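These are my notebook entries on a structure that was new to me. I set down what I looked up, topic by topic.

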Amino acid sequence: MHSVQRVQHQPFTDEILLFEGRQWDVAGEMEYHERPASFRQARLNPFDRGEEEEGGPPGGKTPSRDELRPELFSSKSRKQSLDRAMDLGLAEDHFSRPVGSFVASDIEQLKMAIEECKRLILELPEHSERQKDTVVKLIHLRLKLQELKDPEEDEPNLRVLLEHRFSKEKSKSVKQTCDKCSTIIWGLIQTWYTCTGCYYRCHSKCLNLINKPCVRSKVSHQSEYELSICPEIGLDRQDYRCAECRTPVSLRGVPSEARQCDYTGQYYCSTCHWNDTAVIPARVIHNWEFEPRKVCRSSMRYLALMIPRPVLKLREVNPLLFNFVEELVEIRKLRQDILLMKPYFITCKEALEARLLLQLHDRQHFVENNDMYSLQDLIDISSGRLGCSLTEIHTTFAKHIKLDCDRCQAKGFVCELCKEGDILFPFDSHTSVCHDCSAVFHRDCFYDNSTTCPKCARMTERKHDDPPDPKDK
């Protein structure tokens, strides 16, 4: 006995039985042929109301199956049927079949309807109401087609793969591009993930195809830049293959275009190199050049994660840079002053309550040393932003120490060489500091005095006068 399945809510008939893969009508148990079904689709589509007004069958009566003849399907009727095809899928319950019962013909019909919609949009008068309605129908048809191709599934919110920590995205309106297949992510109907470490984005269906490890792990284990300018090795050393995915490439674009990354100097295919641009650290340090250059996707992510990290020691890499870039000298002086102000703040109750040092929370290395720079620091120095913001912070710090706080004022110095003038602080522009005892003097007094520092002399004399400690013997 053949199995019979009942399907509810089919359009254009009250009930249909699925029998050995063919559709049968309940009343007559007659097989639907392609032409009668197409004819009924065209006559009963709820979006086609204009035909009846222009002159349909008398009384709106639909011909029976016995009245259907081949001559009804002339070239004119076929064209009318194609014009109505754009409404396919928009009628209520047109695709209300059980999940998994969609066949290739459904997708093909939707594709045909989409093409017909696109043709009709070009033919209709611009900005007309009918053209606008057709555009809306085209959008719905494309969404329905994408839904049939990629049915929604329950996906986990977090997945770990190749040190990536993929988090399921909830944004539906932002247009993104999949880093794996290089196609658009339709957030409205597709599930997609973003790595919380390196911001790698991909479809859920592309997750298991990923072969690139998370760039953040490289940043954690190897926080350093390539400091040679575009260290090219040549396509022959790469065996004429992409340096990342090993796809065959050539400069002639056959089979795939070879694109050079200005950071690594290697060649990549168009899937791994999207012509993204980034500032190259080696060009900044050696040439003070900030023009963005084309880099591959992995280099772009690596540079984006490395840009705030203070890993550049300019005094060792290129000390001559300070002789040619005045802004660097100014920033270095401001940073040295801030380090001299730091001991005042960490011993001042008011400064701790006001959290003055937190004004530099985004550049924490400024209160730790004065010779390490991040790539973002150098970019901001070149644009002038860092000089303005750091000068403002320096003024705020100096005002607290010299004017607002009595405790900090009490820690000032008097020049022991001339014993005249105001209270001195080590960060004042007209002062000099003894490297041994940190005493502060007027600059002119310190350099005019040929003798040693008075404070250092007292400390030396005190050591000689004190009796030796018995414990030292």
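The entries below go from the whole chain to a sheet, then to salt bridges and single residues.

**Entry 1: the model.** I worked with a predicted model, in which local features need pLDDT of at least 70 and side-chain atom pairs count only at pLDDT 80 or more, while totals for chains, interfaces and linings use all residues. Residues are numbered from 1 along each chain as its sequence is written, and side-chain values use heavy atoms, with hydrogens and water left out.

**Entry 2: the chain as a whole.** I looked up the secondary structure and found 17 helices and 17 strands. Both are DSSP runs numbered from the N terminus, helices being H or I with at least four residues and strands being E with at least two. Of the 473 residues in the chain, 36% are buried. Buried stands for under 20% relative accessible area, exposed for over 50%, and partly exposed for what lies in between (1.4 Å probe, protein chains only). I also noted an accessible surface of about 29,300 Å², with 51% of it belonging to carbon and sulfur atoms. This area comes from the Shrake-Rupley method with a 1.4 Å probe, and for residues only the protein chains shown count as cover. Among contacts with a separation of 6 or more, 57% are between residues 24 or more positions apart; a contact means heavy atoms within 4.5 Å.

Entry 3: Which order do the strands of the open sheet follow? I read 4-5-8-9, with 4 strands and antiparallel pairing. Its edges are strand 4 and strand 9 (201-203), each of which pairs on one side only. Neighbouring strands in this sheet are turned by 30° against each other on average, direction ignored. For such angles, axes are lines fitted to C-alpha atoms (for helices over the stretch in contact), and the angles run from 0 to 180 degrees between N-to-C directions.

I then followed the pairing across the sheet; two strands pair if DSSP finds at least two bridges between them. Strand 4 (residues 158-161) is joined to strand 5 (residues 164-168) by 4 bridges, and leucine 161 has histidine 164 of strand 5 as its bridge partner. The hairpin of these strands has 2 residues between them, and leucine 162 there takes a positive phi near 50°. Next, 3 bridges join strand 5 to strand 8 (residues 192-195), where serine 167 is partnered with threonine 194. Strand 8 in turn pairs with strand 9 over 3 bridges, and threonine 194 has arginine 201 as its bridge partner there.

**Entry 4: salt bridges.** How many salt bridges does the structure hold? I found 21, a salt bridge being a side-chain nitrogen of Lys or Arg within 4 Å of a carboxyl oxygen of Asp or Glu.

- Arginine 241 forms a salt bridge with aspartate 239, with the closest N and O atoms 3.8 Å apart; arginine 241 is partly exposed at 32% relative accessibility.
- Arginine 259 and glutamate 257 meet at 3.4 Å, N to O. Arginine 259 counts as buried because its relative accessibility is 18%, whereas glutamate 257 is partly exposed at 38%.
- Aspartate 337 and lysine 333 meet at 2.8 Å, N to O. Both lie in helix 11 (residues 326-346), 4 residues apart, about one turn of the helix. Aspartate 337 is buried at 5% relative accessibility, and lysine 333 is partly exposed at 33%.

**Entry 5: aspartate 276.** I found aspartate 276 in strand 12 (residues 276-278). A network of salt bridges links Asp179, Asp276, Arg297 and Arg301. Is aspartate 276 buried or exposed? I recorded aspartate 276 as buried because its relative accessibility is 18%. Leaving out residues up to four places away in sequence, aspartate 276 touches Arg293, Lys294, Val295, Arg297 and Met300.

**Entry 6: aspartate 380.** I placed aspartate 380 in helix 13 (residues 375-383). Aspartate 380 is buried, with a relative accessible area of 5%. Beyond its neighbours within four places in sequence, aspartate 380 is in contact with Arg363, Arg385 and Leu386. The side chain of aspartate 380 makes a polar contact of 2.6 Å with that of arginine 363 and one of 2.7 Å with that of arginine 385. A polar contact is a pair of N or O atoms within 3.5 Å; within protein, one must be able to donate a hydrogen and the other to accept it, and residues adjacent in sequence count only if both atoms are side-chain atoms.
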